[in-house]
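Me: Hi! I have a model open and would like to talk through a few spots in it. Could you help me read it?

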Amino acid sequence: MPNVNDSSYLNTVAEVTIAPSGQGEELSTYVAQVIKVIRDSGLPNQTNAMSTVIEGDLHRVMEVVEEATRVLAEQGYRTGVSLRLDIRPGKRDQIHEKVERVNQILGGENR
């Protein structure tokens with residue numbers, strides 16, 4: 001696994017939403033299975049009402065997204081995945097620093 005000081009490390013913040021299609025109105029039990037895989041990965045992550053943000057090396061982030069997708073797809077569910085990536089070589093802890101910068105601009109507000 002690449003170290004953050006390694007030149008091959010590509011810091012990646014990923015926003016991902018993974019859910020089955022056609023399973024009714026309430027998807028929490030399915031989403032919980034996906035979130036468990038992400039949390040068990042050991043990568044920094046934050047879950048909100050619409051998506052989960054994961055941070056780490058590009059290769060590892062993509063592995064975790066694949067593992068989390070497979071947890072539903074391998075049960076036979078048609079699975080939708082939305083994924084956005086912000087790749088910033090030479091950076092780390094962007095999952096927190098981005099929010100802190102905005103809060104500083106807003107005068108310390110944290111809503």
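Me: Where does S41 lie?

Reply: S41 lies in the loop between α1 (28-40) and β2 (45-47). Helices (H or I, at least four residues) and strands (E, at least two) are DSSP runs, numbered from the N terminus. This is a predicted model, where local features need pLDDT of at least 70 and side-chain atom pairs count only at pLDDT 80 or more, while totals for chains, interfaces and linings use all residues. Residues are numbered from 1 along each chain as its sequence is written, and side-chain values use heavy atoms, with hydrogens and water left out.

Me: Is S41 buried or exposed?

Reply: S41 counts as buried, at 17% relative accessibility. Buried means under 20% relative accessible area, exposed over 50%, and partly exposed in between (1.4 Å probe, protein chains only).

Me: And what does S41 touch?

Reply: Leaving out residues up to four places away in sequence, S41 touches R60 and V64; contact means heavy atoms within 4.5 Å. A polar atom of the S41 side chain also lies 3.1 Å from the backbone nitrogen of L43.

Me: Back to the helix, then. Which residues are buried in α1?

Reply: Y30, V34, I35, V37 and I38 are buried there. They are on the same side of α1, because they cover an arc of only 155° around the axis, taken from the directions from the helix axis to the C-beta atoms. T29, R39 and D40 are exposed on the other side of α1.

Me: What covers the buried residues of α1?

Reply: The cover includes β1 (11-20), β2, β3 (52-57) and α2 (58-73).

Me: New topic: how many aromatic pairs does a search of the whole structure find?

Reply: The search finds 1 aromatic pair. The rings of Y30 and Y77 have their centres 5.1 Å apart and their planes at 80°, so the pair is edge-to-face. For the cut-offs, rings of Phe, Tyr and Trp (its six-membered ring) pair if their centres lie within 6.5 Å; planes under 30 degrees apart count as stacked, over 60 as edge-to-face and the rest as tilted.

Me: Nice! Why does the pair tie together parts that are 47 residues apart in sequence?

Reply: Because Y30 lies in helix α1, and Y77 in the loop between α2 and β4 (79-87). Y30 is buried, with a relative accessible area of 14%, whereas Y77 counts as partly exposed at 22% relative accessibility.

Methods. A polar contact is a pair of N or O atoms within 3.5 Å; within protein, one must be able to donate a hydrogen and the other to accept it, and residues adjacent in sequence count only if both atoms are side-chain atoms.
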